[in-house]
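These are my notes from a look through one structure. I wrote down each thing as I looked it up.

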Amino acid sequence: VDAPMCRACVKEAFVDRRTTCLETGAYLANFAGCTNCGGREARSTPPRVDVDEDEDTYEEETEYDHVCATCGHVVASHWHKFASTETARRWVMAC
């Protein structure tokens, strides 16, 4: 999954967070500020959610963007997946 980001808006592109999966998806410690307007506050766009469910499995994929709260410039796009079976649960995140 390719989750693009504005590399000028972050301190470090693709920070190695190891297994950390944040509920909000926002690793704001890495946000340097908006390259367009200099704004220092980001917000999330409404998520796009796709659910696939049957008797034995449940999968949910969520995509959304973090944008500058001042000018709307896209800082980063996020993708999360949650998968559950009778024996395991797995969360995956790319941003």
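Entry 1. I started with Tyr58, which is partly exposed, with a relative accessible area of 23%. I use buried for under 20% relative accessible area, exposed for over 50% and partly exposed for what lies in between, with a 1.4 Å probe and protein chains only. The model is predicted, so I note that local features need pLDDT of at least 70 and side-chain atom pairs count only at pLDDT 80 or more, while totals for chains, interfaces and linings use all residues. Residues are numbered from 1 along each chain as its sequence is written, and side-chain values use heavy atoms, with hydrogens and water left out.

Entry 2. I looked for aromatic pairs and found two in the structure. Rings of Phe, Tyr and Trp (its six-membered ring) pair if their centres lie within 6.5 Å; planes under 30 degrees apart count as stacked, over 60 as edge-to-face and the rest as tilted. Tyr58 and Phe82 have ring centres 6.2 Å apart and planes at 55°, so I list this pair as tilted. Tyr58 is in strand S3 and Phe82 in strand S4, so the pair ties together parts that are 24 residues apart in sequence. Phe82 and Trp91 have ring centres 4.9 Å apart and planes at 45°, so this pair is tilted too. I noted one aromatic cluster, formed by Tyr58, Phe82 and Trp91. Trp91 is exposed, at a relative accessible area of 55%.

Entry 3. Next I checked the strands. Strands (E, at least two residues) and helices (H or I, at least four) are DSSP runs, numbered from the N terminus. Strand S2 (residues 48–53) and strand S3 (residues 58–68) run antiparallel and are joined by six bridges; two strands pair if DSSP finds at least two bridges between them. Asp50 stands opposite Glu61 in S3. I also found a hairpin that joins S2 to S3 through four residues.

Entry 4. Is His80 buried or exposed? I found His80 buried, with a relative accessible area of 13%. His80 sits in strand S4 (residues 74–84). The side chain of His80 makes a polar contact with the side chain of Tyr64 at 3.1 Å. By polar contact I mean a pair of N or O atoms within 3.5 Å; within protein, one must be able to donate a hydrogen and the other to accept it, and residues adjacent in sequence count only if both atoms are side-chain atoms.

Entry 5. Last, I looked up Pro4, which lies in the segment before strand S1 (42–44). Pro4 is partly exposed, at 44% relative accessible area.
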